[in-house]
Amino acid sequence: MEYSVFRKLSGTFDGEKVILQFYRSQRAKESSKPLVIKIYRQECLDFLFGRDYEEFIYSLEFKDATKVYEGVLQKNCDINFYTYEDKDVIKGTTYAYYIGSTLNETVYGPLLIKPRNQQLWLPFEEMTNDIKQLKASYPELVNIKNHGHSVLGREINSITIGNLNHIKLGFVGLIHAGESGPELMLYIIKKLLKEQHTLLKKIGLSFLINANPDQREKQVLGTPWYLRKNANGVDLNRNFNAQFDIVEFGYGYRTDVKTSPTYRGDKPESEPETKALVDFIEYTMPKVVFSFHSLSSICTDSFLLSKYSKDDTLYISKCMKYLEPYTKGFGVKKKPSIYFGTSYGSLPHYLYTKYGIPAFDMELGEVDDKTKHMVIHDQVTSQLMEYYQKKHYQGIREVIKSCIS
Ligand SMILES: [Zn+2]
């Protein structure tokens with residue numbers, strides 16, 4: 001067996017093309033002749049988001065890949081670092097890439113990348129610019145506040161619109177990276193700013209739309225499988241200081257095991273993102289918090305309360321004051337669909353135990369099979385996104401009206 005000619009293959013999708021980057025391995029002999037590189041690609045039609053993870057690569061066989069390039073690639077600044085751009089990709093298709101050369105038969109890979117529609121998976125920079133633009137367009141109605149930084153140093157900001165002295169409604173997006181937040185919330189923020197000046201004089205709404213920016217960005221840039229935890233490998237929705245020490249066993253995992261998708265972290269609020277969320281709550285002190293979850297940028301009016309609140313009738317009736325108008329405005333169900341399901345260390349459980357604030361994780365809930373398939377498997381269309389943007393807007397508008405009446 002001969003050694004690989006390359007190492008450290010990585011790749012991203014920038015909205016238009018897949019960009020592969022790799023280095024020449026130190027074992028590969030230098031030669032005065034330029035290196036002829038071969039790029040192979042395979043479409044992983046069988047790959048399903050929400051079901052398949054990185055182990056999927058072991059089901060692939062190189063013999064199924066097709067050569068898409070053979071030639072000399074320019075070295076970067078005379079170091080043995082190469083870049084290859086693949087413009088011939090279809091959004092929504094997962095690709096496996098391999099690299100080889102004419103030096104030997106050994107190929108390196110596969111690396112899996114899924115180009116996504118970035119209207120449905122908004123890049124961090126675009127999200128940040130959108131918020132800045134809103135501040136510039138509505139300086140009187142918009143307030144941006146920093147609450148800290150992510151593990152990798154991205155800013156975690158909130159945007160408050162309307163009356164700062166009467167903040168009633170709080171919204172949190174993307175505690176879990178592969179779930180929902182910015183795409184739904186930015187639509188709502190923009191539409192309220194455009195159409196509801198009178199309502200916004202009486203009430204303030206605070207949004208922290210991206211609580212897990214590092215891993216979300218990885219998802220946006222092409223990681224095909226669902227990402228949940230932050231860059232330190234901690235489930236932020238188990239990291240709050242609310243009976244943190246009690247081990248949970250949800251989804252068949254233990255929250256005290258580091259490799260578990262629901263790992264709670266070393267100690268409560270160990271993560272900078274959790275600290276930022278706590279700062280957000282303390283700064284805004286909303287009367288209610290809606291935290292968007294589900295998958296693939298979409299959630300519905302399906303509300304999860306702390307599972308330890310189910311006998312607290314007073315708390316539940318406090319929650320219903322917000323859930324009834326949300327459900328009415330959403331316009332699909334006759335009465336709110338509520339479940340008692342969130343864990344120790346979760347944001348809703350923290351808000352329930354510490355402040356008694358009505359707080360909900362919003363999931364997919366009951367939808368038709370076609371919608372369910374699209375959301376669970378990352379096959380959401382622009383039409384489906386628009387449908388749920390409008391639904392949430394109508395729900396929230398109804399909650400605002402009920403708060404000020
Ligand atoms: Zn979630």
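A salt bridge here is a side-chain nitrogen of Lys or Arg within 4 Å of a carboxyl oxygen of Asp or Glu. The model is predicted: local features need pLDDT of at least 70, side-chain atom pairs count only at pLDDT 80 or more, and totals for chains, interfaces and linings use all residues. Residues are numbered from 1 along each chain as its sequence is written, and side-chain values use heavy atoms, with hydrogens and water left out.

**Exercise 1. Count the salt bridges, then examine the one that aspartate 214 makes with arginine 154.**

Step 1. Applying the rule gives 18 salt bridges.

Step 2. In the pair of aspartate 214 and arginine 154, the N to O distance is 2.8 Å.

Step 3. Aspartate 214 sits in helix H4 (residues 213-220) and arginine 154 in the loop between strand E9 (142-149) and strand E10 (155-162), so the pair ties together parts that are 60 residues apart in sequence. Helices (H or I, at least four residues) and strands (E, at least two) are DSSP runs, numbered from the N terminus.

**Exercise 2. Describe the interface of domain 1 and domain 2.**

Step 1. Domain 1 spans 6-113 and domain 2 spans 124-404; such bounds come from an automatic or database domain assignment. Their centres, taken over C-alpha atoms, are 36 Å apart.

Step 2. Contact (heavy atoms within 4.5 Å) links 12 residues of domain 1 with 14 residues of domain 2.

Step 3. The two domains bury about 1,200 Å² between them, 72% of it on carbon and sulfur atoms. Buried area is the accessible area (1.4 Å probe) that two parts lose on being put together, summed over both. Of the area that domain 1 buries against domain 2, 52% comes from Leu48, Phe49 and Tyr53, more than from any other three residues.

**Exercise 3. Identify the donors of the zinc ion and locate its two histidines.**

Step 1. Donors are N, O and S atoms within 2.8 Å of the metal (3.2 Å for Na, K and Ca); water is not among the atoms, so sites may look incomplete.

Step 2. His176 (ND1), Glu179 (OE) and His293 (ND1) coordinate the zinc ion at 2.0 to 2.1 Å. Along the chain, the donors have the spacing H-x2-E-x113-H.

Step 3. Histidine 176 is in the loop between strand E11 (167-173) and helix H2 (182-195), and histidine 293 is in the loop between strand E13 (288-292) and strand E14 (302-306), so the pair ties together parts that are 117 residues apart in sequence.

**Exercise 4. Find the backbone features at proline 110 and lysine 8.**

Step 1. Glycine 109 and proline 110 are joined by a cis peptide bond, with omega about 5°. Proline 110 belongs to strand E8.

Step 2. Lysine 8, in strand E1, has phi near 50°, a positive value in a residue other than glycine.
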